[in-house]
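Reader: I'm new to this and the whole thing is a bit much. Please pick one part, zoom in and walk me through it slowly.

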Amino acid sequence: MDNNYKDPQYGFSPPNQSYVPAQAKTSGKAITSLILGIVSLITLPLGEGIIFLGTIGFFSGIVAIVLSSLAFKEIKRVQVRGRGMAIAGLVCGIVATALNVFAFVISFVIGFMSAMNNA
């Protein structure tokens with residue numbers, strides 16, 4: 001048997017084994033709902049004195065809730081990422097909307113009571 005025998009060379013190298021799988025896309029609706037939920041929470045303390053900011057906070061909270069529910073459907077149907085952002089946007093939107101409604105009711109009751117006392 002010949003000890004100097006080598007396998008024949010075919011002129012190409014073996015394939016590269018470093019495969020990086022493609023990352024799943026993140027739902028744009030989830031990102032938007034998170035941003036609007038945060039905006040609605042930020043404008044909440046400012047909305048007490050400035051009615052315009054309170055209105056922005058209220059409506060951005062509602063839009064955040066709607067977009068979160070749409071994002072959940074998209075995440076389930078298309079298999080995109082962003083479930084955590086959709087949950088955070090939903091929670092922020094619900095909390096800010098509820099607090100805005102509560103603040104509106106309290107200010108309405110206080111205004112009504114003061115008007116009754118002045119009459």
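Author: Let's start with Phe58, which is partly exposed because its relative accessible area is 25% (under 20% is buried, over 50% is exposed, and partly exposed is in between, using a 1.4 Å probe and protein chains only). Before we go on, this is a predicted model, so local features need pLDDT of at least 70 and side-chain atom pairs count only at pLDDT 80 or more, while totals for chains, interfaces and linings use all residues. Residues are numbered from 1 along each chain as its sequence is written, and side-chain values use heavy atoms, leaving out hydrogens and water.

Now the rings. Searching the whole structure turns up three aromatic pairs. One of them joins Phe58 to Phe59, edge-to-face, at 5.2 Å centre to centre with 70° between the planes. Another is Phe104 with Phe108: their centres are 6.4 Å apart and their planes sit at 25°, so that pair is stacked. The rule is that rings of Phe, Tyr and Trp (its six-membered ring) pair if their centres lie within 6.5 Å; planes under 30 degrees apart are stacked, over 60 edge-to-face, and the rest tilted.

(Helices are DSSP runs of H or I with at least four residues, strands are runs of E with at least two, and both are numbered from the N terminus.) An α-helix has 3.6 residues a turn, so residues three or four places apart point the same way. Phe104 and Phe108 are both exposed, and together with Phe112 they make one aromatic cluster.

Let's stay with helix 3. At 1.5 Å a residue, its 36 residues should span 52 Å, and the end C-alpha atoms are 52 Å apart, which agrees; the expected span is 1.5 Å times one less than the number of residues.

Other parts of helix 3 are tucked away: its buried residues include Ala86, Gly93 and Asn100. The buried residues of helix 3 pack against helix 1 (28–46) and helix 2 (51–78).

Gly57 shows this from helix 2. Gly57 counts as buried because its relative accessibility is 0%, and Gly57 touches Ser40, Thr43 and Asn100, leaving aside residues up to four places away in sequence (contact means heavy atoms within 4.5 Å).
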